[in-house]
Amino acid sequence: MADRLLGKEVTASFNEQLKERVNELKKQGITPLLEIIRVGEDPGDLSYERGAMKRCETIGVSVRNVVLTRDVTQDEMLRVMDEANEDPSVHGVLLLRPLPKHLDASVIENRLRPEKDVDCMTDLSMSGVFTGKKLGFAPCTPEAVMEILDHYGIDCCGKRAVVIGRSLVFGKPAAMMLLKKNATVTVCHTKTKDLPSVAREADLLIVAAGRARTVTADYVRPGQVVIDVGINMDENGKLCGDVDYDSVESVVAAITPVPGGVGSVTTSVLVAHVVEAAARAHE
């Protein structure tokens, strides 16, 4: 039976550190503030917004909500971004995406100043991930994976890491972060030949395939650490990951569950970015 890498254990430790840092900032007259910009009433957006607000409340970070209608214009969106940029009390901005199709998302996202980009939506922030420069912040989900690895003392140095998924949201930045930890990284995708055999070569297998229970027992071997980034609803309406947990858990050494794994750490990373942005602004 594999060790379960639980997100709640990571966040418990992480949150205590954040609370201490927020208290120190407040003693200096600084209250970290996250502005959440939401367009419409999408249930997924509402759920993520509630989770982010709850985590902010736990840590002591303030939240400002800006809610816009689905027919909002490009000019109005840009005005909202400009106001957030110019407001010194706003330290971080979370724009819930995807935006409606009539909006030019790239222009809107890149309107935000990178120092307030706490979820890596600007091109400058993403370039910081690849260059190692402090331009904005890294994407929250791959950084949450790194926090899990660190918390459980999983050393990546010299290890073979395989990332299934090559998106800019997760796969590519995760590969860069693993390289920074001195892992040897292979990024796989839909065109990878004999994917199960490549996956079995990994010491550390990180799965962001975007399809429910894609990774089954034939993808893994004993001794591996498996990180499941996926969040899906199965045919029975049950939340599940990209890994077939029941078949894989009996083979590998350690695995993150879904729910209860990476997702629960992601919002803590988001709040940590807001706190760091507030500290940088003060400095």
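Six strands build an open sheet in the order 1-11-8-7-5-6, and their pairing is parallel. Two strands count as paired if DSSP finds at least two bridges between them. Helices (H or I, at least four residues) and strands (E, at least two) are DSSP runs, numbered from the N terminus. The model is predicted: local features need pLDDT of at least 70, side-chain atom pairs count only at pLDDT 80 or more, and totals for chains, interfaces and linings use all residues. Residues are numbered from 1 along each chain as its sequence is written, and side-chain values use heavy atoms, with hydrogens and water left out.

Strand 1 (3-4) and strand 6 (184-188) are the edge strands, each pairing on one side only. Inside the order, strand 8 (residues 225-228) pairs with strand 11 (residues 254-255) in the parallel sense, over two bridges. Here valine 225 stands opposite alanine 254 of strand 11. Helix 7 (residues 171-180) packs on the sheet and touches strand 5 (160-164), strand 6 and strand 7 (204-207). Contact means heavy atoms within 4.5 Å. The direction of helix 7 makes about 170 degrees with that of strand 6. Such angles run from 0 to 180 degrees between N-to-C directions; the axes are lines fitted to C-alpha atoms, for helices over the stretch in contact.

Strands of a sheet pair through backbone hydrogen bonds, either parallel or antiparallel. Strand 2 (residues 33-39) runs parallel to strand 3, and seven bridges join them. Leucine 33 stands opposite serine 62 in strand 3.

Side chains of opposite charge can pair when their charged atoms come close. A salt bridge is a side-chain nitrogen of Lys or Arg within 4 Å of a carboxyl oxygen of Asp or Glu. The whole structure holds 18 salt bridges. One of them joins glutamate 35 to arginine 64, with the closest N and O atoms 3.4 Å apart. Glutamate 35 lies in strand 2 and arginine 64 in strand 3, so the pair ties together parts that are 29 residues apart in sequence.

How do helix 1 (residues 7-27) and helix 10 (residues 262-282) cross? Their axes come within 10 Å and cross at roughly 20 degrees. The two helices are therefore roughly parallel to each other. Angles under 35 degrees count as roughly parallel, over 145 as roughly antiparallel, 65 to 115 as roughly perpendicular and the rest as oblique. The residues of this contact divide into 11 nonpolar, five polar and three charged. Ala, Val, Leu, Ile, Met, Phe, Trp, Tyr, Cys and Pro count as nonpolar, Asp, Glu, Lys and Arg as charged, and the others, Gly among them, as polar.

Helix 6 (residues 140-151) meets helix 10 at an angle of about 105 degrees, with the axes 8 Å apart. Helix 6 and helix 10 are therefore roughly perpendicular. Among the residues that meet are Cys140 and Ala144 in helix 6 and Val265 and His273 in helix 10. Helix 6 also packs against helix 1, at about 90 degrees and with axes 10 Å apart. In this contact, Glu9, Val10, Ser13 and Phe14 of helix 1 meet Glu147, Ile148 and His151 of helix 6.

Finally, check the loops. The peptide bond from arginine 97 to proline 98 is cis, with omega near 10 degrees. Proline 98 sits in the loop between strand 4 and helix 4 (105-111). Another cis peptide bond joins valine 258 and proline 259, where omega is about 0 degrees. Proline 259 is in the loop between strand 11 and helix 10. Cysteine 120 has a positive phi of about 55 degrees although it is not a glycine.
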